[in-house]
Amino acid sequence: MSLAEEVAEAAAYLRELGVDGIEGLPPQAAETQARERKESASSRPPALSPALTRHANVERPATPPKPSPPTPPQANKADESPSILYQTAMPKKPVRKPSPDPPAPRETLFGDITPKDELSLGQPGETFEDIRADIGECVRCPLHQGRTKIVHTEGDPKARLLFVGEAPGADEDATGRPFVGRAGQLLNKIIEAIGLKREDVLIGNVNRCRPPGNRTPTTEEARTCKPFLLREINIARPDVIVVLGNTAMKNLLDTKEGITRLRGEFQDYKGIKVMPTFHPAYLLRDPSKKREVWDDMKKVRDYLNSTRK
């Protein structure tokens with residue numbers, strides 16, 4: 001691993017712990033500086049960067065083929081919608097541009113929400129499909145400029161358990177499905193460890209478009225996309241929400257506390273239990289934290305079992 005990569009990984013590691021800056025640098029500056037060093041190093045002649053040359057000559061293992069997304073189950077009746085939501089089953093929607101005059105904040109289950117436009121506001125009796133139609137080929141924030149696909153919430157609309165992450169990564173951006181990369185595969189194992197399957201839960205993100213270079217979404221980007229997630233929560237009314245990572249936790253709970261302080265303890269949020277825990281991507285960088293996540297998930301499992309109807 002090059003010095004630039006080590007610095008970038010260390011910055012991401014500290015960000016997961018709730019550290020917003022390194023040695024006086026503004027948020028995300030350490031990661032930006034690391035990327036600039038990496039780009040600068042790649043442009044040097046081989047004689048000036050022998051470490052990079054040796055690194056490039058190492059034979060890399062072949063990348064395993066990505067699994068094909070499962071075929072959505074068919075409805076039992078012609079007038080029934082599938083019980084599982086899949087991005088691949090959704091038709092392409094028209095472009096939805098933000099209104100030049102955003103509406104006033106509206107009182108919702110989760111407090112006042114200031115939406116980008118009327119299409120960001122929920123309606124009584126709406127469905128997940130209605131929300132996707134309102135999102136359309138969204139251009140409400142700058143993240144649309146670099147995305148490949150919008151990554152919608154996926155799973156059982158009537159699930160008792162919802163997982164919420166920060167934003168899509170490269171694999172998710174390519175497939176249009178949440179948590180399908182290495183972190184997603186680990187999340188699947190976490191779900192199975194508490195006796196459930198991926199199709200039994202809901203999985204989504206605060207932001208539905210991948211930020212450039214997997215950077216943290218800005219406050220404005222998160223604020224723009226968050227109303228759609230809250231509308232979905234209002235429809236599903238899960239018994240427990242597991243927020244994955246520091247950024248997702250802060251955006252959903254509107255807290256300034258870090259993940260290391262709040263993880264492992266249920267937060268009561270508008271009548272819904274919220275369990276903050278570490279993001280699976282963080283566990284890939286620091287496997288020693290798996291024990292703490294397992295302790296958190298056992299609390300979730302026990303709560304769901306104790307309140308089973």
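Colleague: Which side chain does the side chain of Arg 263 join in a polar contact?

Modeller: A polar contact is a pair of N or O atoms within 3.5 Å; within protein, one must be able to donate a hydrogen and the other to accept it, and residues adjacent in sequence count only if both atoms are side-chain atoms. Here the side chain of Arg 263 meets that of Asp 296 at 2.6 Å. This is a predicted model, in which local features need pLDDT of at least 70 and side-chain atom pairs pLDDT 80 or more, while totals for chains, interfaces and linings use all residues. Residues are numbered from 1 along each chain as its sequence is written, and side-chain values use heavy atoms, with hydrogens and water left out.

Colleague: Is Arg 263 buried or exposed?

Modeller: Buried means under 20% relative accessible area, exposed over 50%, and partly exposed in between (1.4 Å probe, protein chains only). Arg 263 counts as buried because its relative accessibility is 17%. Beyond four places in sequence, Arg 263 touches Pro 276, Thr 277, Phe 278, Glu 292 and Asp 296, where contact means heavy atoms within 4.5 Å.

Colleague: How does one read Gln 267, and what does its side chain reach?

Modeller: Gln 267 is partly exposed, because its relative accessible area is 22%. Its side chain reaches the backbone oxygen of Glu 265 at 3.1 Å. Setting aside neighbours within four places in sequence, the residues in contact with Gln 267 include Leu 253, Leu 262 and Ile 272. Leu 253 is itself buried.

Technical notes:
Helix = DSSP H or I, 4+ residues; strand = E, 2+ residues; numbered from the N terminus.
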